[in-house]
Amino acid sequence: MSKQAIHQRSGKLVSPEEFVALEGPQYREKGVHPICPVCKCPLDLYGVHSMHVTSRFDHPDGSTCERSSHPDPRYAYLGNAELDLDSGVRLRADMCEIETLKSVYAACRALTRKLTGPEFVEMCRQGDKRNIWAYKGLTTAWLPYVLVTLIDLPACDARNQPLRFVLNKPARTDVSAIWLRPQDCSLEKHFADTGNPVRNGSIPIPNDPAERAKTDTAWISKSLFEIIWQCCADHA
Ligand SMILES: [Zn+2]
């Protein structure tokens with residue numbers, strides 16, 4: 001269902017029409033395919049020459065990519081947010097500025113009330129897997145509100161039950177509603193095992209404690225920083 005795919009030879013994002021203009025309708029015989037910018041699988045073109053359907057890129061049957069027609073319900077909210085690959089590379093690098101990394105971690109920790117270094121690293125790796133950095137318009141300021149939705153936080157000493165932060169957004173929007181319509185969005189805290197909402201578990205976007213936490217990072221110890229730095233060390 002995606003409107004954007006990677007053109008293999010140029011590495012650029014293209015629309016279905018642009019892809020056909022570049023490769024022609026016989027692209028399959030040439031062994032060139034549009035590639036999903038998220039799951040990286042080869043896609044098919046649909047509807048480019050039709051007056052009746054909107055052109056799109058289709059995933060292979062059975063795909064559960066969030067940009068396919070049968071997304072994994074866990075990540076369906078990410079949807080088909082418009083992408084910008086170049087700004088994605090910049091955002092990934094910006095997050096790894098030392099002070100920014102501390103701020104993003106501190107804000108995620110404030111949103112979740114408790115967040116270990118390894119849990120934060122796992123959020124970033126899930127972000128890498130889903131290429132969230134490339135969402136057009138996403139900045140380091142909004143990043144914590146996306147990152148906390150990406151993994152389930154397991155029960156631990158500090159947390160009696162496993163938690164999941166679910167994005168509540170307007171119908172027919174995708175994750176970009178966080179920065180395009182923050183006043184219409186919230187994060188809802190749920191128990192990850194039962195799916196039940198946590199009482200009084202609604203968090204507005206932006207959230208005051210999380211915003212304040214961004215400027216209060218002096219408490220982050222050297223050993224904790226070394227752990228959260230792992231999500232950048234892979235990219236250095
Ligand atoms: Zn995909």
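Author: Two strands pair if DSSP finds at least two bridges between them; strands (E, at least two residues) and helices (H or I, at least four) are DSSP runs numbered from the N terminus. The model is predicted: local features need pLDDT of at least 70 and side-chain atom pairs count only at pLDDT 80 or more, while totals for chains, interfaces and linings use all residues. Residues are numbered from 1 along each chain as its sequence is written, and side-chain values use heavy atoms, with hydrogens and water left out.

Reader: How do you know that β7 and β8 are paired?

Author: Four bridges join β7 to β8 (residues 197-204), and the definition asks for at least two, so the strands count as paired. They run antiparallel, with S186 opposite P204 in β8. The two strands form a hairpin with five residues between them, and G195 in the turn has a positive phi of about 80°.

Reader: What makes β6 a partner of β7?

Author: Six bridges join β6 (residues 163-168) to β7 (residues 186-191), and these strands too run antiparallel. Across from L163 stands F191 in β7, and across from V166 stands E188. The three strands form an open sheet in the order β6-β7-β8.

Reader: Why do β6 and β8 count as edges?

Author: Each has a single partner strand, so one side of each is left without a neighbour in the sheet. From one strand to the next the twist averages 25°.

Reader: Which residues are the protein donors of the zinc ion, and how do you know?

Author: They are C36 (SG), C39 (SG), H59 (NE2) and C65 (SG), at 2.1 to 2.3 Å from the zinc ion. Donors are N, O and S atoms within 2.8 Å of the metal (3.2 Å for Na, K and Ca), so these four atoms qualify; water is not among the atoms, and sites may therefore look incomplete.

Reader: Why is the arrangement around the zinc ion called tetrahedral?

Author: The four donor atoms subtend angles of 102 to 119°. Four donors count as tetrahedral if all angles lie between 85 and 135 degrees, so the term applies. Along the sequence the donor residues are spaced C-x2-C-x19-H-x5-C. C39 lies in the loop between β3 (34-35) and β4 (44-46), and H59 in the loop between β5 (56-58) and α2 (85-95), so the pair ties together parts that are 20 residues apart in sequence.

Reader: Is H59 buried or exposed, and how do you know?

Author: H59 has 10% relative accessibility and counts as buried, whereas C39, at 34%, is partly exposed. Buried means under 20% relative accessible area, exposed over 50%, and partly exposed in between (1.4 Å probe, protein chains only).

Reader: What makes up the largest nonpolar core?

Author: It has 55 residues; M95, F120, Y135, L147, V175 and I178 have the most contacts inside it. Helix α3 (residues 98-112) gives the largest share, six residues. A nonpolar core is a set of buried Ala, Val, Leu, Ile, Met, Phe, Trp, Tyr and Cys residues joined through side-chain atoms within 4.5 Å. Another core, of 13 residues, lies apart from it and includes A5, V38, C41 and V48.

Notes
Four donors count as tetrahedral if all angles lie between 85 and 135 degrees; four count as square planar and six as octahedral if opposite donors are over 155 degrees apart and all others between 65 and 115; anything else is irregular. Axes are lines fitted to C-alpha atoms, for helices over the stretch in contact, and angles run from 0 to 180 degrees between N-to-C directions.
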